[in-house]
Amino acid sequence: MMLNLRALFHKSRAEQEMDDELRFHLEKQAEHNIARGMSAEEARYAALRKFGNMGQVKEECRDTWGMRFISELAQDIRFGLRQLRRNAGFTAVAIGTLALGIGANAAIFSVLYRNLIHPLPYPHAERLVMFGVVVPALDSRPFIFGFTYLGLRHEQTPFESMASWMPGVQGCDIAAPEAQRMDCAQVESTFLPTFGIRPAFGRNFTFQEDLPGAPPVCLISYGMWRSRFGSNPAALGQLLSIDGNPTRVVGILPGDFEWPTLARVDIVLPEKLPPSARGENPGVALRAYARLKPGVSIAQAGAQLQPFLQQFIQSAPPMFRKEIRLGIVPVREDQVGPVRQALWVLFGATLALLLLATANVANLLLARAEVRQRELAVRSALGAGRRRLAQLRLIESTLLGLGGGIAGLGLGFLLLRVSVALAPAGIPRIEQAHLGLPGVLFITGMSLFSGVLCGMGASLAIPPAQLLLGSRTTGSLRRRLRSALVAAQVAVSVVLLAGAGLLLRTLRNIENIPLGMDTSHVVTAEVALGRQAFLRPGEAAGFFDRLETRLSALPGVTGVALSDSLPPAGAEHSMPFFVLHPEGHPPFEKGTGGMVAWRAVTPGYFRMLDIPIIEGRSFASSDRSSQGNVIVLSKSLADRLFPAEDPVGRRVQFTSPPGPWYDVVGIAGNVKNAGIIQESDPEYYLVRKDAPDLGLHGFPDLQRHAFFLVRSPLAASGVASMVRGAISSLDSTLPAKISTLDARVGQLRTRPRFNAVLTGLFAMLGLLLAGIGLFGLVSYSVAQRTNEIGIRMALGAQKGEILRMVLGQGLKLVLAGVAIGIAGALALTRFLSSLLYGVKPTDPLTFIVVSLILAAVALLACYIPARRAARVDPMVALRYE
């Protein structure tokens with residue numbers, strides 16, 4: 001061991017001692033030969049012949065030291081660094097190319113890791129699930145009715161603990177000393193214990209505080225504690241006026257607490273299920289979370305809950321029964337399910353880009369190997385084995401990969417910041433993505449992988465020592481490898497371009513979807529009155545009337561309307577289709593019929609958004625104060641309720657619960673109220689009546705909440721300022737969310753735009769790399785065949801023939817790559833299907849355009865070296881030979 005360590009750390013001394021020893025044995029052998037009668041010169045040569053190749057003997061001696069591998073490795077690393085430094089241009093190009101692929105991968109991996117791999121901030125988060133029943137006609141996410149949930153608490157379940165939550169995060173107002181609109185959620189007292197969370201300060205609210213009539217208490221978020229209370233522990237015990245209701249702060253949530261739906265929540269209030277939910281079936285709809293017992297899988301939990309499901313189905317109305325199924329979803333899946341595929345698609349695109357970069361650098365290394373054949377042959381003649389020479393090549397390429405990784409680290413950081421800036425709000429946790437230790441480890445792995453992959457081709461093509469004797473090698477293996485790499489680059493580029501093309505066509509389709517309304521120059525303001533203010537009958541409606549009057553009187557305002565929700569992201573209220581009973585038709589008996597959205601609007605709503613009234617009339621001002629009930633149907637709903645009939649003048653009744661008849665006064669055009677890419681949902685409109693009859697369909701809160709829509713040709717910022725001023729002039733403590741309808745529509749287009757822009761960027765970079773690779777291959781081929789081209793031209797070949805010959809060589813590779821790429825794209829683009837709109841994954845037009853783009857780039861990449869070949873002077877070429 002000591003000898004080995006000495007050979008490792010005092011290598012020069014060990015080498016000198018080895019040389020001295022070999023020289024000693026050589027001289028002894030020579031003396032022995034002289035003693036046998038040879039001359040001094042003959043004795044020396046005979047001794048050398050007996051010892052054989054001295055270089056090989058030295059290598060065998062080094063083997064006995066036991067540290068040869070480490071020693072050679074260090075030696076080869078130093079040699080590789082010297083080689084890269086001497087060829088600075090080649091090194092910079094190779095490292096820059098790899099940095100491009102590694103940096104892009106690092107940026108997307110950071111987002112992917114934060115969402116799909118990084119542990120959730122709850123203890124044993126893998127056991128946390130959201131559960132309930134799924135009724136697609138009502139809700140695509142699991143929910144459970146309060147009565148059923150409370151009953152399940154007394155049953156044997158696969159859950160260690162359960163907690164319920166009133167769906168959604170509601171806006172709530174805090175008054176003095178500073179009026180603020182906050183985000184509030186109502187949860188059961190078991191909510192935090194189920195997630196394994198303890199308040200950072202104070203305590204959770206108790207079971208008794210979660211009962212109706214208990215003194216109001218709340219927990220506040222860490223951010224709110226810092227911003228509103230300046231991180232003062234005295235916040236505990238203070239009273240907050242939440243919607244006018246004095247509420248005591250009993251706890252402060254941890255700073256890293258994350259709401260399970262990733263929504264922003266400032267204040268957590270006790271759920272306080274009302275008596276109607278506790279003693280009546282079905283009660284209110286809740287979201288329910290649970291922690292599985294240790295060792296229980298989701299499949300086992302589903303099997304144990306089957307009796308509950310069957311009981312639920314039997315208690316449900318017959319039209320719902322066929323649609324009901326059990327839903328148990330991991331919390332992570334509930335959070336990132338909608339974006340999971342998009343993240344994997346983007347990650348796949350960056351991996352393809354890295355493969356292209358690796359292929360490009362591999363091609364450069366193969367070309368460089370041609371130049372270094374003689375050097376390697378000399379090394380081989382001096383005793384270096386194929387393993388050592390292959391190791392030398394791989395070390396050099398690995399050093400390039402590590403250099404690319406270091407440069408990619410900086411590039412990845414920049415790309416990540418750009419991605420965060422461009423990302424739509426719907427991508428969860430993207431602002432938390434950063435290049436931490438996992439990112440650095442990922443970059444290191446990618447660097448080593450790409451470095452080794454780059455050098456594989458060059459390490460396989462080791463020239464023999466016979467090259468020094470004048471024998472020529474054809475180098476056919478290297479040429480075939482280079483050609484295969486270029487064809488592979490073209491194939492990967494086709495896949496990338498096809499994916500980007502499909503997403504770009506999707507974006508174009510989405511941008512051009514007619515919404516059925518005009519959203520330009522419309523400023524919106526959401527106003528919600530506190531629950532303890534404007535309590536007397538007519539007060540709330542009076543406030544909204546006064547505000548509407550003031551907004552209408554603002555300079556430059558051409559129209560004002562009120563609605564209980566804003567298009568086009570879906571209405572807040574809906575009814576099952578079977579509940580609507582059209583006059584003169586039998587009740588709907590084919591199931592639920594899906595959901596029908598509805599809105600309560602003022603008469604100016606249709607004119608404000610330029611929604612056409614196809615038949616009949618819009619609401620009139622008199623409808624707001626009359627005792628009669630009128631309704632406007634959308635075209636799609638009218639066609640379903642009154643097929644092949646004129647609906648205007650007919651009546652519609654809501655049968656569950658039984659209600660009055662509504663006179664159909666008009667048919668409005670279909671509007672993209674359910675979202676941009678969704679089909680236009682059937683919808684009906686009710687008039688927002690004057691006090692005291694604002695409450696519609698059992699939603700009394702309608703009279704305390706409204707969206708104001710203000711149309712004006714003036715700049716939106718100026719209109720927003722005037723709107724805010726008008727609200728403050730009536731109540732300076734009333735917060736309001738002000739935006740524009742265009743901004744709301746734009747937010748719905750940001751995710752497809754984000755996907756298309758990033759994928760398109762990667763595809764363009766891939767196309768550039770493929771073009772550079774093809775250009776390099778054809779240029780190198782022309783340089784190698786200069787004398788052959790000269791001879792051809794000396795024998796009468798024309799420039800056009802040479803041009804066609806070189807172009808044909810390149811285009812053959814392109815055609816092969818395109819054919820392989822199209823096959824690959826047809827197999828892979830199906831994974832994009834959920835991200836596409838208005839275009840099929842196998843869209844022929846996209847594939848044709850992609851092929852033409854690649855052909856054009858390939859033609860350009862081949863034309864420049866082909867033109868150079870056509871200009872070869874035969875005499876110069878022959879003289880060179």
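Which two cysteines form a disulfide, and how far apart are their sulfur atoms? I put this to the model, which is a predicted one.

**Entry 1: the disulfide**

I found that Cys172 and Cys184 form a disulfide, with the sulfur atoms 1.8 Å apart. A search over the whole structure gives one disulfide. I then looked up the torsion about the S-S bond of Cys172 and Cys184: it is about 60 degrees, so I record the disulfide as right-handed. Cys172 belongs to strand 4 (residues 170-174) and Cys184 to strand 5 (residues 180-187), so the pair ties together parts 12 residues apart in sequence. I checked burial as well, and both Cys172 and Cys184 are buried.

I looked at two further cysteines. Cys454 has a relative accessible area of 1%, so I note Cys454 as buried. For Cys862 the relative accessible area is 0%, and Cys862 is buried too.

**Entry 2: the chain as a whole**

I noted 28 helices and 24 strands for the secondary structure of the chain. The chain has 881 residues, and buried residues make up 49% of them. I also looked up the contacts in the chain with a separation of 6 or more: residues 24 or more positions apart account for 80% of these.

**Entry 3: helix 6 against helix 17**

I took helix 6 (residues 88-117) and helix 17 (residues 437-460) as a packed pair, and I read an angle of about 145 degrees and axes 10 Å apart. Their crossing is right-handed. Which residues of helix 6 and helix 17 make the contact? On helix 6 I listed Leu98, Ile102, Asn105, Ala106, Phe109 and Tyr113. On helix 17 I listed Pro438, Gly439, Phe442, Ile443, Met446, Ser447, Ser450 and Cys454.

**Entry 4: helix 25 against helix 26**

I looked next at helix 25 (residues 786-794) and helix 26 (residues 799-828), which pack at about 145 degrees with axes 10 Å apart. The crossing of helix 25 and helix 26 is right-handed. Helix 25 makes the contact through Ile789, Arg792 and Met793, and helix 26 through Lys799, Ile802 and Met805. I sorted the contact of helix 25 with helix 26 by class and have four nonpolar residues, no polar and two charged.

**Entry 5: aromatic pairs**

How many aromatic pairs does a search of the whole structure find? I recorded 28. I looked up Phe191 and Trp259: the ring centres are 5.0 Å apart and the planes stand at 25 degrees, so this pair is stacked. Phe191 is in helix 8 (residues 191-195), whereas Trp259 is in the loop between strand 9 (245-252) and strand 10 (267-270); the pair links distant parts of the chain, 68 residues apart. Phe191 and Trp259 are both buried.

I then turned to Phe195 and Tyr289. Phe195 lies in helix 8 and Tyr289 in strand 11 (residues 285-292), so the pair ties together parts 94 residues apart in sequence. I found Phe195 buried and Tyr289 likewise.

I checked how these residues group. One aromatic cluster is formed by Tyr122, Trp165, Phe191, Phe195, Phe257, Trp259 and Tyr289.

**Entry 6: positive phi**

Most residues other than glycine have a negative phi. I looked up two that go the other way. His124 is not a glycine, yet has a positive phi of about 50 degrees. I located His124 in the loop between helix 6 and strand 1 (128-135). Leu262, also not a glycine, has a positive phi of about 70 degrees. Leu262 is in the loop between strand 9 and strand 10, the loop that also holds Trp259. With a relative accessible area of 28%, Leu262 is partly exposed.

**Entry 7: Asp564**

Is Asp564 buried or exposed? I read 1% relative accessibility, so Asp564 counts as buried. I placed Asp564 in the loop between strand 14 (559-563) and strand 15 (573-576). I also looked up its C-alpha separation from Phe708: the two C-alpha atoms are 8.9 Å apart, while Asp564 and Phe708 are 144 residues apart along the chain.

Key: Residues are numbered from 1 along each chain as its sequence is written. This is a predicted model: local features need pLDDT of at least 70, side-chain atom pairs count only at pLDDT 80 or more; totals for chains, interfaces and linings use all residues. Side-chain values use heavy atoms; hydrogens and water are left out. Axes are lines fitted to C-alpha atoms, for helices over the stretch in contact, and angles run from 0 to 180 degrees between N-to-C directions. Helices (H or I, at least four residues) and strands (E, at least two) are DSSP runs, numbered from the N terminus. A crossing is left-handed if the near helix is turned anticlockwise from the far one by less than a right angle, and right-handed if clockwise. Contact means heavy atoms within 4.5 Å. A disulfide is a pair of cysteine sulfur atoms within 2.5 Å. Buried means under 20% relative accessible area, exposed over 50%, partly exposed in between (1.4 Å probe, protein chains only). Rings of Phe, Tyr and Trp (its six-membered ring) pair if their centres lie within 6.5 Å; planes under 30 degrees apart count as stacked, over 60 as edge-to-face and the rest as tilted. Ala, Val, Leu, Ile, Met, Phe, Trp, Tyr, Cys and Pro count as nonpolar, Asp, Glu, Lys and Arg as charged, and the others, Gly among them, as polar.
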